[in-house]
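Good morning, and thank you for coming. Please look at the sequence and the structure on the screen while I describe them.

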Amino acid sequence: MLPWKRLLRPLAALVLTAAAATLPAAGTAQAATAPSSGWNDYSCKPSAAHPRPVVLVHGTLGNSVDNWLGLAPYLTSRGYCVFSLDYGQLDGVPLFHGLGPIDQSAAQLSVFVDKVLSATGAAEADLVGHSQGGMMPRYYLKFLGGAAKVNALVGIAPDNHGTTLSGLTHLLPYFPGAEDLLKATTPGLADQIVGSAFLTKLNAGGDTVPGVRYTVIASQYDEVVTPWRSQYLSGSDVHNVLLQDLCPLDLSEHLAIGLLDRIAFHEVANALDPAHATASTCASVFS
């Protein structure tokens with residue numbers, strides 16, 4: 001990476017953080033007319049404008065709160081009923097989730113979506129996930145009947161085809177027993193490595209299932225899900241988005257794109273309500 005880009009990255013993060021800190025107040029008036037102010041408010045009833053609840057699916061080592069301190073208020077202030085879950089917990093490991101076997105995490109998502117649909121009375125939900133949370137729901141859609149209950153899946157920096165973790169996973173064979181240890185202790189991590197049995201099953205026969213709209217929002221500066229183009233999906237009703245095509249000045253990497261990037265948030269809102277989508281640009285940080 002060029003030195004000036006190294007200098008600009010923290011600056012861009014500061015700008016985005018400042019915008020995220022100052023703009024929620026601008027949504028207060030909108031929140032007053034929303035069906036609920038509620039993030040994880042099970043009394044929230046979807047409106048005619050936003051008829052489907054939104055389920056937020058955190059990433060590896062995340063949880064239902066920390067991963068969504070930026071996006072959840074962004075969506076609730078726009079009138080959405082928003083819910084988030086914890087999944088992939090390991091015994092004795094608090095707060096840092098998404099480490100259990102991903103097929104079991106998908107089963108947890110299935111139970112949670114049913115709970116949300118029952119509480120809200122909606123027929124379908126929309127899913128928005130960050131990192132593993134953008135990939136794991138595809139197992140739910142493909143193998144656990146989720147396609148009948150989900151309208152759209154929006155993945156923010158999802159590892160749809162696995163990751164090399166900037167090449168580090170290529171070193172595992174040089175450390176005898178390392179792969180077995182990883183599978184035994186943190187199977188959710190092992191499942192995300194390029195070429196894993198889980199990913200081979202997930203992507204066999206195509207990336208998508210009929211009846212679900214897919215959006216992928218990626219950053220070329222992603223240092224966790226690598227190569228970043230592996231995040232993209234192929235298939236019908238897929239919209240792949242590169243953040244830097246929307247705003248070349250946006251230097252968000254893997255965490256920032258999901259935690260505080262309002263340009264990415266604007267694109268999430270577009271994916272949830274494509275009939276009223278507006279162009280995402282650098283100015284979207286102030287929207």
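I begin with strand 2, residues 82-85, where Val82 and Ser84 point one way and Phe83 and Leu85 the other way, and all are buried. Here buried means under 20% relative accessible area, exposed over 50%, and partly exposed in between, with a 1.4 Å probe and protein chains only. In a regular strand the side chains alternate between the two faces of the sheet.

A word on the source: this is a predicted model, in which local features need pLDDT of at least 70 and side-chain atom pairs count only at pLDDT 80 or more, whereas totals for chains, interfaces and linings use all residues. Residues are numbered from 1 along each chain as its sequence is written, and side-chain values use heavy atoms, with hydrogens and water left out.

Strand 2 pairs with strand 1, residues 54-57, in the parallel sense over four bridges; two strands pair if DSSP finds at least two bridges between them. Phe83 in strand 2 is the bridge partner of Val55. Strand 1, helix 3 (residues 71-76) and strand 2 together make a right-handed β-α-β unit. Right-handed means that, with the strands pointing away from the viewer, the path from the first strand over the helix to the second runs clockwise.

How many helices and strands does the protein have? There are twelve helices and six strands, each being a DSSP run numbered from the N terminus: H or I with at least four residues for helices, E with at least two for strands.

Let us turn to strand 4, residues 150-156. Seven of its seven residues are buried, so strand 4 is largely enclosed by the rest of the structure. On one side of the pairing list is strand 3, residues 125-130, which runs parallel to strand 4 and is joined to it by six bridges; Asp126 stands opposite Ala152 in strand 4. Strand 4 also pairs with strand 5, residues 213-218, in the parallel sense over five bridges, and Ile156 has Ile217 in strand 5 as its bridge partner.

Next comes helix 12, residues 262-272. Eleven of its eleven residues are buried, so helix 12 too is largely enclosed by the rest of the structure. Among the buried residues are Arg262, Phe265, His266 and Glu267.

Finally, the whole protein: buried residues make up 51% of its 287 residues. Among contacts (heavy atoms within 4.5 Å) with a separation of 6 or more, residues 24 or more positions apart account for 74%.
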